[in-house]
Number of protein chains: 2
Amino acid sequence: MPKISEERRAERREQILAGARRCFAEHGYEGAAVTRLEGAIDLSRGAIFNYFPSKEELFTELAVRDSARMSDLWVNEGLEALVREVMELDPAWLSVYLELFRRVRNDPDFQKRIETRQKAVAPANRARVEEAQRTGEFRNDLEPKQIGMFVNLVLNGLALHRASGEELPSVELVLELLGAAIGGRARPDTPSRTRV
Amino acid sequence: MPKISEERRAERREQILAGARRCFAEHGYEGAAVTRLEGAIDLSRGAIFNYFPSKEELFTELAVRDSARMSDLWVNEGLEALVREVMELDPAWLSVYLELFRRVRNDPDFQKRIETRQKAVAPANRARVEEAQRTGEFRNDLEPKQIGMFVNLVLNGLALHRASGEELPSVELVLELLGAAIGGRARPDTPSRTRV
């Protein structure tokens, strides 16, 4: 195989990931057979698996990148940006995630690999929650972890509604109710009673 | 085929549904092949499809029964009972639901069938929200539909965490934060700031 530059390798990696994401979204995880991946990526299986040794690795990388992007959004732009992003994610790609939940539960190795990589973003997420508690954006009578879990519940619920095509609440309503639940002293003590 | 009594027919129906639920939970929707359904139900395909003309009908009936049970819980026992129930649902069965979300989005007929049957419980659910708004259990500056959507988000998020084996928040934390978000004048205006 001819040597190719680092830059070219990085481009190839991106080409593979972008094609794989489209293929998973279109056919689901199980349905994304190697021949379909080859077609979507426009590379042979040999070339693809030179970068990612298995379909599982390809998927893991995509999932981990999503986590990293969500973490970046949260840390740099805050809760509203995060809520807006989840409500606009590709429903087809979200469905692949949902299918994978079954797999994650039934395959401890896969679960461990995903968790290990996703844990990389946890400290930054937690630090940002703590900062929000200090500035009064979030209430400070709960553990950062408790606040994180509740926000995750709501975001995952939104992702599920988005994936299934169910009607979504408005961004404003979600932010208002999240604010009432976890908002801090920066907000008036009495939750605003305006219609949203 | 010999005639059997109405009572015997009803028993058979329950036998079929219970076996099908176990089979879907174990193998997933796609994986629940007819031979597996026969084994789990302990009846021939002829007997099974005499009651439910397709695997899809079987699944729809199970899903609709779950909705009805959740609605009963909500109407008769309230939010806490509902939250507790969702957090104790069988993760394997929940995963089947999640797989189905993809299908629901891609199959408008299936979506319509599920929605039509699930809409049957909507008026009772809504009436109970309105009652909770009148008694001050829920805030009354939002549409009942908005409150329902937010509660659904949180419950679906819980179901997702439960299905994937992710750590769940405590029931008390969920109720405290839901209360802060949608609770009404029956609660003190200032959200309680006690640790949960």
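1. The contact between the two chains takes 58 residues from chain A and 58 residues from chain B, contact meaning heavy atoms within 4.5 Å. The model is a predicted one, in which local features need pLDDT of at least 70 and side-chain atom pairs count only at pLDDT 80 or more, while totals for chains, interfaces and linings use all residues. Residues are numbered from 1 along each chain as its sequence is written, chains are lettered from A and ligands numbered from 1 in the order in which they are written, and side-chain values use heavy atoms, with hydrogens and water left out.

2. Between them, chain A and chain B bury about 4,800 Å², 58% of it on carbon and sulfur atoms. Buried area here is the accessible area (1.4 Å probe) that two parts lose on being put together, summed over both.

3. There are 4 salt bridges between chain A and chain B, a salt bridge being a side-chain nitrogen of Lys or Arg within 4 Å of a carboxyl oxygen of Asp or Glu. A salt bridge joins the side chains of Lys145(A) and Glu167(B), at 3.1 Å from N to O.

4. Four helices of chain A give two or more residues to the side that touches chain B: H1 (6-31), H6 (91-106), H9 (144-164) and H10 (171-182). Helices are DSSP runs (H or I, at least four residues), numbered from the N terminus. H9(A) supplies the largest share of that side, 15 residues. The residues of this side of chain A divide into 27 nonpolar, 15 polar and 16 charged. In this division Ala, Val, Leu, Ile, Met, Phe, Trp, Tyr, Cys and Pro count as nonpolar, Asp, Glu, Lys and Arg as charged, and the others, Gly among them, as polar.

5. Over all chains, the whole structure holds 34 salt bridges. One of them joins the side chains of Arg21(A) and Asp66(A) at 2.9 Å, N to O. This pair links distant parts of the chain, with Arg21(A) in helix H1 and Asp66(A) in helix H4 of chain A, 45 residues apart. Arg21(A) is partly exposed at 25% relative accessibility, whereas Asp66(A) is buried at 7%; buried means under 20% relative accessible area, exposed over 50%, and partly exposed in between (1.4 Å probe, protein chains only).

6. In chain A, Asp141(A) and Arg139(A) form a salt bridge whose closest N and O atoms are 2.8 Å apart. Asp141(A) is buried at 8% relative accessible area, and Arg139(A) is buried at 1%.

7. In chain B, a salt bridge of 2.4 Å (N to O) joins the side chains of Glu85(B) and Arg69(B). Glu85(B) lies in helix H5 (residues 79-86) and Arg69(B) in helix H4 (residues 55-77) of chain B, 16 residues apart. Glu85(B) is partly exposed at 22% relative accessibility, as is Arg69(B) at 36%.

8. Ser67(A) sits in helix H4 (residues 55-77) of chain A and counts as buried at 19% relative accessibility. Leaving aside neighbours within four places in sequence, Ser67(A) is in contact with Gln118(A) and Val121(A).
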